Amino acid sequence: MSDLSKAAPQSPSPTAKYRPETRLVHSGVLRSQFGETSEGLFLTQGFVYETAEACEARFKGEDPGFIYSRFSNPTTAMFERRMIELEGAEAGRSTATGMAAVTTAILAPLRAGDHVVAAKAMFGSCRFVIEDLLPRYGITSTLVDGLDLEQWRKAMRPNTRTCFLESPTNPTLDVLDISAIAEISHDGGARLIVDNVFATPLWQSPLELGADVVVYSATKHIDGQGRCLGGMILSSNAFIDEHIHNFLRQTGPSLSPFNAWVLLKGLETLAVRVKQQTESAAKIADVLAAHPKISRLIYPGRSDHPQAATVKKQMHAGSTLIGFEVKGDKAGAFRFLNGLKLTRISNNLGDAKSLVTHPATTTHQRLPIPARAELGISEGFIRFSTGLEHADDLIEDLTAALDRA
Ligand SMILES: *Cc1c(COP(=O)(O)O)cnc(C)c1O
């Protein structure tokens with residue numbers, strides 16, 4: 001049992017040696033003197049000290065412990081430690097949202113004059129950070145077709161410091177070769193940051209594939225029940241200490257202890273949820289692929305996925321997400337969406353409830369039509385996030401809405 005009063009904000013827990021499912025339940029627990037079963041929720045801004053000397057020692061870093069919840073908090077520390085041990089990273093920090101994690105991981109280590117290479121298929125806000133925000137601070141970027149390794153090689157410049165990718169991509173579920181891109185990044189003296197949201201920590205381990213930094217929106221599968229926002233940056237001790245630690249402390253996009261507690265509870269059931277959702281998704285993808293109203297279907301678990309060999313090489317399983325194109329462009333897609341009775345229309349994903357998104361008019365509406373077309377986001381394209389409902393109920397709902405579309 002950890003002595004909470006003396007707990008270092010991120011002391012390794014003895015559970016790191018267990019398998020992922022076990023780590024998801026036990027890693028990082030800081031149990032108080034009351035011996036509570038469930039992780040304690042420390043809704044506190046700050047901490048008090050027995051003496052002025054103790055306070056001084058805490059601030060000098062001579063006495064491990066908590067100072068202020070913008071820096072760290074027992075509940076957020078438990079969440080961070082569980083994520084670190086799940087991912088097999090050396091270190092990590094939580095953030096208020098996934099975008100705070102992405103923005104910090106990209107921006108914090110860079111200086112004016114640096115250059116970034118990124119795969120152009122990515123979450124809309126990530127694209128804003130790279131294309132619109134970075135140039136204001138003198139950081140240039142090149143966007144490449146993430147599947148084309150030659151484009152990555154050609155885009156590297158002497159001042160390239162960071163490469164960024166997301167895989168599987170949102171929303172078209174392309175699977176990028178992480179180890180090959182890590183090698184290109186390292187040959188060019190740059191670090192590779194991977195947004196691993198779509199794969200989840202269970203189905204893909206970017207650090208093992210050679211990436212230097214992994215970022216998550218914990219809002220998605222990690223919460224998995226639609227309740228709160230959160231994010232996580234995972235990397236080496238050196239990267240976190242040098243680039244992330246102070247940036248987060250001083251700029252303050254801290255995860256709320258309440259949300260950290262919710263996310264800890266989410267992690268406990270992550271494996272059972274994601275396994276079930278993936279199993280259902282595979283079944284649904286096979287049914288939809290054969291439906292006459294669907295012109296194209298992309299599912300990383302199917303042998304007809306365009307990068308099936310890369311999926312096999314770097315992922316442990318398919319995905320909870322399915323991408324498909326409904327015939328009849330926007331009108332056809334909207335008729336399908338409006339015909340759904342069980343599946344809800346939303347821009348979110350990774351939830352217990354199945355959710356459908358029309359990226360062209362929502363998450364990717366900011367992009368001009370040619371840029372969308374280049375990414376394969378047609379007017380009929382739909383992203384389906386598989387929930388925890390019975391797969392047959394979902395299949396009936398989806399096929400009935402398609403039949404009517
Ligand atoms: C949702 C998402 C984000 C942003 O996360 P928030 O928690 O909404 O800020 C970043 N990347 C990907 C791939 C996402 O799906």
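**From the interior to the ligand**

Mentor: Phe384 has a relative accessible area of 0% and is therefore buried (under 20%; over 50% is exposed, and partly exposed lies in between, with a 1.4 Å probe and protein chains only). Phe384 belongs to strand β12, residues 381–385 (strands are DSSP runs of E with at least two residues, helices runs of H or I with at least four, numbered from the N terminus). Between Phe384 and Thr343 there are 41 residues of sequence separation and a C-alpha to C-alpha distance of 9.0 Å.

This is a predicted model, in which local features need pLDDT of at least 70 and side-chain atom pairs pLDDT 80 or more, while totals for chains, interfaces and linings use all residues. Residues are numbered from 1 along each chain as its sequence is written, and side-chain values use heavy atoms, without hydrogens and water.

Now to the ligand. The residues around the ligand (a heavy atom within 4 Å) include Met99, Phe123, Glu166, Asp195, Phe198, Ser217 and Lys220. By class, this shell comprises four nonpolar, five polar and three charged residues; Gly counts as polar in that scheme.

A ligand oxygen lies 2.8 Å from a polar backbone atom of Met99. In the side chain of Ser217, an N or O atom is 2.8 Å from an oxygen of the ligand. For Lys220, the side-chain N or O atom is 2.7 Å from a ligand oxygen. Of the 370 Å² of accessible area that the ligand has on its own, the protein covers 92% (Shrake-Rupley method, 1.4 Å probe).

Conventions: Polar contact = N/O pair within 3.5 Å; in protein donor to acceptor, adjacent residues only side chain to side chain.
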